[in-house]
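Good morning, colleagues. Please take a moment to look at the sequence and the structure on the screen.

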Amino acid sequence: MMSDKKTELAVAALAAGTVIDHIPSAALFKVVHILGIEHMSNGVTIGNNLPSRRLNRKGIIKIESVEFDRATLDRIAVVAPTATVNIIRNYQVASKTKVELPETLINTVACPNPKCITNNEPMKTRFDVIDAEGPVLICHYCGRTVCGDKARII
Amino acid sequence: MDTHSLVAIDDLNRHEILDLLDRASYFEKNPNSHLLDGKVVATLFFEPSTRTRLSFETAVNRLGGRVIGFSDASTSSTSKGETLKDTIKMVSNYADLIVMRHFLEGAARYATEVTQVPIVNAGDGANQHPSQTLLDLYSIRKTQGRLEGLTITMVGDLKYGRTVHSLVMAMRHFKPVFNFVSSRELAMPQEYLDLCDELGIEYHVYTDFSPEVINSSDILYMTRVQRERFSDIMEYERVKDLYTLRNDMLADSKPTLRILHPLPRVNEINIDVDDNPKAYYFEQAHNGLFARQAIITACLGINPEK
Ligand SMILES: [Zn+2]
């Protein structure tokens, strides 16, 4: 309870930006990488292995003064389907949404099959989501299935 | 004229499968025609496969069409580093239909996205080979007189064998009973068992290639068990002969039983089966010609009976 309260306070303290919460701990650094935080000069706060009722252990990332586009949030949905995205504007939570996987992911995930055409031709990958819960994705070209937590994000 | 590609048997519904089989029946009775007069069909074999290429090229020739193409990627511009997209676009300038075989999985699907010319997939790596499945279906219907309600026993490598996976996908439209006979290591993948459950298709999984299973079958579909599929070589040595069919095992089988195999075989069917009238694998290969004539005309939107 204590730590949840702290999280709330920290969210409120952000003047503007994005808070990504409820990231499974194991996926935290993948999300960091997808967001491109390594290359940012904005203020960033990262917490991990925080207790969570839903996830057992969760991670949270707060980034000042940025909002992320749909394509980036789709990538996060693959590795962290439980993540929520809070947009903060003027110290207020302007919107709070769960990341949502689209039915089809174009050029988001690399196919794990080395013999797939997508790994041998200059072209975009395409995966169809066959199970949104897992999530489980299937390569439109070679038919290989891949679980979200194992997916290599492009 | 309505043209379309054929990339995977899974893309076809029951009606489309039956239409192709009816076309194949027609071509068995009328093998030679001028239906492809003035048409050019390209056969692009980025990976050599003499058996499949000769069958497709014979099909085109017997339909009165002309063939261009290559039989080996080393003689094509691919060996100079040209992308598949560029090769397909170049050939599209010359051909009315492209039959392609490629070592990369998904190559045919991708080809359909870069050209308006219909594509027929003649095999893309370990992925899809719809003309093989169509000839299997044709052989089943021809020998049994129907596709509905048959007991189909698949034996050998059910894990990696693409022909058995495609056959499950195609037969799901026809209320089959499946027997899946293999070692545990080469068992039918769970996704196909789940699919059967979902569709209410009866199936049985066996590790024993027993007389009871053989005697209940209408079709025995045998496949190669390849050494390189095994992570444990001892396991291969243990199971390699367990899934070999010998003539004496057929003594009490149904009179109408037929034995299919996608060929080439190694040792999974003993040669003493060859003279049994229930052995159908050589005729099965011959049916490939009619199946491919059916596919070519359907993809070009040509009605043979007009
Ligand atoms: Zn793929």
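What you see is a predicted model. Its scores are ipTM 0.89 and pTM 0.88. For chain B, the mean pLDDT is 94, with 98% of the residues at 70 or more.

Let us begin with helix H2 of chain A, residues 28–35. Which residues of this helix are buried? They are Leu28(A), Val31(A), Val32(A), Ile34(A) and Leu35(A). These residues lie on the same side of H2(A), because the arc they cover around the axis is only 165 degrees. As a general point, an α-helix has 3.6 residues a turn, so residues three or four places apart point the same way.

The buried residues of H2(A) are covered by several elements of chain A, including strands S1 (17–24), S2 (44–52), S3 (56–64) and S11 (152–153), together with helix H3 (70–79). On the face turned away from the buried side, H2(A) carries Phe29(A) and His33(A), which are exposed. Directly after the helix comes Gly36(A), with a positive phi of about 70 degrees.

I turn now to the zinc ion. Its protein donors are the SG atoms of Cys111(A), Cys116(A), Cys139(A) and Cys142(A), at 2.3 to 2.4 Å from the ion. Along the sequence, these donor residues follow the spacing C-x4-C-x22-C-x2-C. What is the geometry of the site? The site is tetrahedral, and the angles among the four donor atoms run from 98 to 118 degrees. For reference, the ideal angle for four tetrahedral donors is 109.5 degrees.

Technical notes
Residues are numbered from 1 along each chain as its sequence is written. Chains are lettered from A and ligands numbered from 1 in the order in which they are written. This is a predicted model: local features need pLDDT of at least 70, side-chain atom pairs count only at pLDDT 80 or more; totals for chains, interfaces and linings use all residues. Side-chain values use heavy atoms; hydrogens and water are left out. Buried means under 20% relative accessible area, exposed over 50%, partly exposed in between (1.4 Å probe, protein chains only). Helices (H or I, at least four residues) and strands (E, at least two) are DSSP runs, numbered from the N terminus. The arc is that of the directions from the helix axis to the C-beta atoms. Contact means heavy atoms within 4.5 Å. pLDDT is the predictor's confidence in each residue, from 0 to 100. Donors are N, O and S atoms within 2.8 Å of the metal (3.2 Å for Na, K and Ca); water is not among the atoms, so sites may look incomplete. Four donors count as tetrahedral if all angles lie between 85 and 135 degrees; four count as square planar and six as octahedral if opposite donors are over 155 degrees apart and all others between 65 and 115; anything else is irregular.
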